[in-house]
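Please read the following points alongside the sequence and the model. They go from the whole chain to a single residue.

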Amino acid sequence: MAVSAVAAIQRIRALHRPIEHRGRTICVECSAWTDGSTDNPPTVHPCATIKALGNQEET
């Protein structure tokens, strides 16, 4: 169970990764980043999802 929880957290972090956009660091997933543009208003990274996971890379 613990291994699958860590893997799930890693998948979430991979989806909600940071990217630079017009001088700001935004969340790829929350901003719906596609081909250099956003479909949603740019969401600053760390987004609410990453904040909810906490600062640890693995746990």
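1. Among contacts in the protein chain between residues at least 6 apart in sequence, what percentage join residues at least 24 apart? The share is 28%, where a contact means heavy atoms within 4.5 Å.

2. This is a predicted model, in which local features need pLDDT of at least 70, side-chain atom pairs count only at pLDDT 80 or more, and totals for chains, interfaces and linings use all residues. Residues are numbered from 1 along each chain as its sequence is written, and side-chain values use heavy atoms, with hydrogens and water left out.

3. The protein chain has two helices and four strands, in the order α-β-β-β-β-α from the N terminus. Helices (H or I, at least four residues) and strands (E, at least two) are DSSP runs, numbered from the N terminus. The C-alpha trace spans about 40 × 20 × 15 Å along its principal axes.

4. Of the 59 residues in the protein chain, 19% are buried (under 20% relative accessible area; exposed is over 50%, partly exposed in between; 1.4 Å probe, protein chains only). The accessible surface of the chain is about 4200 Å², with 56% of that belonging to carbon and sulfur atoms; areas come from the Shrake-Rupley method with a 1.4 Å probe, and for residues only the protein chains shown count as cover.

5. Threonine 34 lies in strand 3 (residues 33–34). Threonine 34 counts as partly exposed because its relative accessibility is 36%. Arginine 24 is ten residues from threonine 34 in sequence, and their C-alpha atoms are 16 Å apart.
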